[in-house]
Amino acid sequence: RILVIGAAGQIGSELVPYMRERGYTVVAGTSGRTPLPPHLADGPSETVNLMDTEALKRIVERHRIDTVINLAAILSATAEAKPFAAWSVGVNGVIGLLELAREMKLSVLTPSSIGAFGPETPRNPTPQDTIQRPKTIYGITKVVDELLGDYYRAKYGVDARSLRFPGLISYVTPPGGGTTDYAVEIYWEAVRRGRYASPLGPETRLPMMFMPDALRATVEVMEADAEKLKHFNAFNVAAFSFTPDEIAESIRRKLPGFELTYAVKPNLQAIADGWPQVLDDLAAREEWGWRPEYSLDAMTDVMLAEVAKRV
Ligand code: VAH
C-alpha cells in the first residue's frame with residue numbers, strides 16, 4: 001500500500017496510474033495548492049505536507065501505508081533562487097519521513113539525480129561509486145538524501161532505496177524548473193512551430209530517459225530482493241545521452257523541416273557543465289536486472305505522436 005508524495009508532479013502524475021494499473025493501492029498525495037488532476041481521481045488521495053510529520057503519520061495509519069515514494073522537490077534551476085526552501089523540502093522533509101519510516105517500519109524511496117554529481121566527478125562515464133561534490137543546492141540536497149537513506153538503513157534497518165534519475169522526458173505533465181526541461185520543450189516547439197532555440201549549447205551532452213522506463217525502474221528497484229542488493233542509495237540508471245543537435249536529428253526523422261537554433265541561458269549551462277555526460281549503470285543491471293527499453297528514436301516517435309494529439 002503506497003503513498004506517493006508529489007503525485008501531481010512530472011513523475012508522480014504518471015507513476016500513480018502506472019502502479020494502480022499494476023494492482024497496487026496508491027494514495028495520491030498532493031500539496032493541495034492545485035486541484036487534483038482528473039487522472040488521479042480514480043483512487044484515494046490526500047493533501048500532504050511533507051513538513052507536517054504528525055499529519056503524515058495519520059495518513060499512513062488511515063490508509064495502512066507500508067511504502068512511501070517521495071517525489072516532492074524543487075528542481076535544480078528553480079532551487080538556485082531559493083536555497084533554503086530547497087533544503088527544507090529536499091532535506092528537512094526527507095529526514096522527517098525517514099524518522100517516520102523508522103517508527104512505523106515503512107519502506108521509502110526518494111529519487112536522487114544526475115544532479116548529485118559535480119564537476120570533479122568523472123563525466124563520461126560517471127561511475128556508480130565516485131566523488132560527489134555538486135555545485136547546486138539541489139545536488140547538495142540529493143547527496144544528503146543518499147547519505148541519510150544509507151544511514152537510516154544501516155543504523156535503524158529502514159528500507160530506504162533510491163535511483164539517480166537522468167533527465168526525464170514525458171508528455172503528460174511538463175517538468176518545472178529543471179535544467180533538462182529543454183528536452184521536453186523541444187518536442188512541443190517542434191510540433192507547434194517547427195523550430196526551437198536551445199538554452200543549452202551544442203556541446204552539452206546529458207543523460208536522459210523516457211518516462212515509461214523511469215516508472216518501470218522505480219517499481220523494479222522497489223520490488224528488488226534486498227538480499228541481492230549491494231547498493232541502496234542510490235543506483236545510477238541510464239537509457240541514452242544526447243546533445244541538442246542529436247535530439248534535433250531524431251526529431252527531423254519525422255519532421256524534416258525542424259530547425260534548431262541556440263539561445264544559451266548561462267545559469268542552465270553552468271549547471272549542465274557540472275553534470276555527468278554518460279552514466280555507468282552496471283550496478284543496477286547486475287544487482288536488480290535494470291535494462292532500458294526505449295532508444296532516443298523510439299522515444300521521439302512516441303513523444304511527437306502524443307504531443308501532436310495535445311497541441
Ligand atoms: C532537473 N530534471 O533538471 C531535473 C533532474 C536530471 C535532472 O534533477 O533538475
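**View 1. Tyr 182, Ala 183, Ile 186, Tyr 187 and Ala 190 of helix 6 meet Pro 244, Ile 247 and Ile 251 of helix 8.** Welcome to the first close-up of this predicted model. By class, this contact of helix 6 with helix 8 holds 8 nonpolar residues, with no polar and no charged ones. The axes of helix 6 and helix 8 (residues 244–252) lie 11 Å apart and form an angle of about 35°. Their crossing is right-handed.

**View 2. Helix 6 and the residue just after it.** Helix 6 spans residues 182–193. Which of its residues are buried? They are Tyr 182, Ala 183, Val 184, Ile 186, Tyr 187, Trp 188, Glu 189 and Ala 190. While you are here, have a look at Gly 194, just after the helix, where phi is positive at about 75°.

**View 3. Helix 4 packs with helix 5.** Two packed helices are described by the angle between their axes and the distance between the axes. For helix 4 (residues 83–104) and helix 5 (residues 137–156), the angle is about 10° and the axes are 10 Å apart. Angles under 35 degrees count as roughly parallel, and helix 4 and helix 5 are therefore roughly parallel to each other. The crossing of this pair is right-handed. On the side of helix 4, the contact is made by Pro 83, Ala 86, Trp 87, Gly 90, Val 91, Val 94, Ile 95, Leu 98, Glu 99 and Arg 102. Helix 5 contributes Ile 137, Ile 140, Thr 141, Val 144, Asp 145, Leu 148, Gly 149, Tyr 152 and Tyr 156. Sorted by class, the residues of this contact are 13 nonpolar, 3 polar and 3 charged.

**View 4. Glu 61 in helix 2, shown with Met 104.** Helix 2 covers residues 53–63, and Glu 61 is one of them. How far apart are Glu 61 and Met 104 in sequence and in space? They are 43 residues apart along the sequence, and their C-alpha atoms are 9.1 Å apart. Glu 61 has a relative accessible area of 46%. Buried means under 20% and exposed means over 50%, so Glu 61 counts as partly exposed.

**View 5. The whole chain, with its confidence scores.** If you plan to work with these coordinates, here are the scores to keep at hand. The protein chain has a mean pLDDT of 97, and 100% of its residues reach 70 or more. The model scores are ipTM 0.96 and pTM 0.97.

Key:
Residues numbered from 1 in each chain as written. Predicted model: local features only at pLDDT ≥ 70, side-chain atom pairs only at ≥ 80, totals over all residues. Heavy atoms only, no water. Helix = DSSP H or I, 4+ residues; strand = E, 2+ residues; numbered from the N terminus. Buried < 20%, exposed > 50% of the residue type's maximum accessible area, 1.4 Å probe, protein only. Axes fitted to C-alpha atoms, helices over the stretch in contact; angles between N-to-C directions. Parallel < 35°, antiparallel > 145°, perpendicular 65-115°, else oblique. Left-handed = near helix turned anticlockwise from the far one by under 90°. Contact = heavy atoms within 4.5 Å. Nonpolar A, V, L, I, M, F, W, Y, C, P; charged D, E, K, R; others polar. pLDDT = per-residue confidence, 0-100.
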